[in-house]
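Please look over the model shown below before reading on.

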2 protein chains.
Amino acid sequence: MRKYRLMAPGPTPVPEKVLLRMADTLIHHRTPQFQAVLKDVNKKLKKVFKTENPVFIFASSGTGAMETSVINLLSKGDTALVISGGKFGERFGEICEAYGVRTVNYDVVWGEAASADVVRDLLKKNPEIKAVFGTLCETSTGVVNDIEKIAKVVAETPAVFVVDAISGLLADELKTDVWGVDVAIGGSQKGFMLPPGLSFLTLSAKARKLIESSDLPKYYFDLKAALKSHAKDDTPWTPAVSLIMGLDTILDMILEKGLDNALSYHARLAAATRAGVENMGLELFAKAPSNAVTAVKVPEGIDGAAFVKKMRDEQKITVAGGQAELKGKIFRLAHLGYTDEFDTISALSAASIVLKQLGCDVEFGKGAAKAEEMFM
Amino acid sequence: MRKYRLMAPGPTPVPEKVLLRMADTLIHHRTPQFQAVLKDVNKKLKKVFKTENPVFIFASSGTGAMETSVINLLSKGDTALVISGGKFGERFGEICEAYGVRTVNYDVVWGEAASADVVRDLLKKNPEIKAVFGTLCETSTGVVNDIEKIAKVVAETPAVFVVDAISGLLADELKTDVWGVDVAIGGSQKGFMLPPGLSFLTLSAKARKLIESSDLPKYYFDLKAALKSHAKDDTPWTPAVSLIMGLDTILDMILEKGLDNALSYHARLAAATRAGVENMGLELFAKAPSNAVTAVKVPEGIDGAAFVKKMRDEQKITVAGGQAELKGKIFRLAHLGYTDEFDTISALSAASIVLKQLGCDVEFGKGAAKAEEMFM
């Protein structure tokens, strides 16, 4: 009877109402009925991304939209600045490399946020930089970057600023247009509380100009084709109809409560988690913690992989472990999706039990106590 | 109360059992639970594609898998033979062009099947051809090509044979390994009766060798990454979890009845449709008709677009019209997905009503009569 609790930073639990919408009779995508849904979804996506520019929807994981940004904005031999402080920042560098785009790399210490001053210096030293790639929430470390500050720096140059907001969006603030972010990227299986399979991408006027000159090859992820279709509330290829139906429902649910509410909700869960784990004597990993996911250092002498495994197999709570250089060294508790205060307390309680089982000196109730206090 | 009947060649109706499976609690993709599902799905996909080679699953529409075949097998400046007899055959040519792959084009008259002899001649005249791109069922014309014959011709050369089986698979026979098809491509929203959002691709040993030398840029659709993950029953990027759950259920349903049954079922619906429309005095468009979709010529003087619109808006039956040069000239009735004998008769009856309304001299009951006779 133990319930399954999905508390990894994506995929996240999906509200029943959304699951049922997706289970409704499938309709054809080239019909007035679907077009009406897509038109409405396109409008609502603009609100969530806080942009007046089009938001494109792809049938792909978030990585597909990341690749889309590189191959539509740049040309072979162009230079890009890649700000990377974890596994997902690195991905932009890998994509650039695959397409023959030269990169200037700003490698931030994992766990720390990127500095706008360093970005300014690098842009000055490398005036040939055409695009800057950054991350809102670096999922692998739980760090939120100061996108507003970095965007201001990039906006003073001819370069465009591309932000991977896949895990951060709806949990960490992102004012795409006000901050001057040229391309913001999202994914369905994070703050949108949908199953994986959709990715999103915004496009500023500044970024749109680059599309014209880009000579990198593309077809499925061609933004010229996407732009043409988007103008007619259509898609160039068959869209993932059922997921877009779910998107329609979840966008209504999110916008009804308001975007500020979504942000404060995530902030509330994240703050209680951070306070809870610290009260348990544990240490946070991220110097600038995101409200999407909290990375916690595995205590000295404790097997981090065993912790994640016992949480999953015995407590039925899926949390994420560390990736790459952080393997076994951290665990990550997400606040994304259809997750509430008592799921958060459950995760803290389960963590207490499992850490104790693994021989860690944790006092029972410390995590829950702090969370209760904060939630009251 | 009029029910919605989706009879376009994809997306297709989805069985309720599958809809409910996809509406179940979402699980994380990096867990033993999901890995077990994926392992099983991978095995079952091999059966459906009749191959011993791996079948890759992408979170994308079928076009993504078509692009995958081009960019992983070929290099810039390579030559490919594109056999095209409709809108989807043409797509391979467009993808090749986008990536700087030279094409030899075999343009088949729309409505006719490709000739293996012509393919043989073209391969002889152009020994530099590294890959041949063909189509099982050309969705835009309703033609099924003789893939077995063409595969035999290609197999005698060093070239690999890539077949777009997106709309044909499960309706028209495809013996991937026995016939020597190197890469077969599928999509979720056709014979698989799933919502759109997944595509599939098989890979022979001969095709696998080409991957090593291919220099076209790629990332999301990189088969080297896919191969590495597939060996561990994993995926390089976040998979479309809910659709894969649905795939698990539908594959069980399909394999339980047997693949021969799936083929004969589609053949039965297609034969009754063909006989029905001919008995109504209408003419078939395809010289070699597929069992996935039946293309019917719109009678002289009748507005084809109005027919499709009235079928949809008044009869609540979504059929497809003609695309590109066939716009307004044909309509297409599909036999794919969760569609049965009485849906087929319903479509014939609705077509009689609508054609009569549009001023066509159709005798009521002629379509249904022939279908009843054949179904008995």
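How many helices and strands are there in chain A? Chain A holds 14 helices and 14 strands, where helices (H or I, at least four residues) and strands (E, at least two) are DSSP runs numbered from the N terminus. With a radius of gyration of 21 Å, close to the 21 Å that the globule rule gives for 376 residues, chain A is as compact as a globular protein of that length; the radius is taken over C-alpha atoms, and the rule is 2.2 Å times the number of residues to the power 0.38.

This is a predicted model, in which local features need pLDDT of at least 70 and side-chain atom pairs count only at pLDDT 80 or more, while totals for chains, interfaces and linings use all residues. Residues are numbered from 1 along each chain as its sequence is written, and chains are lettered from A and ligands numbered from 1 in the order in which they are written.

| Property of chain A | Value |
|---|---|
| Span of the C-alpha trace along its principal axes | about 60 × 55 × 30 Å |
| Buried residues, of 376 residues | 57% |
| Contacts between residues 24 or more positions apart, of those with a separation of 6 or more | 73% |

A residue is buried if 20 or more other C-beta atoms lie within 10 Å of its own, exposed if 12 or fewer, and partly exposed in between, and the C-beta atoms are placed from the backbone; two residues are in contact if such atoms lie within 7 Å.

Chain A can be laid on chain B with an RMSD of 0.0 Å by a turn of 180° and a shift of 0.0 Å along the axis, the copies being superposed by least squares on the C-alpha atoms of residues with pLDDT of at least 70 in both. That is the relation of a two-fold axis, and the C-alpha of chain A nearest this axis, that of Ser60(A), lies 2.5 Å from it.
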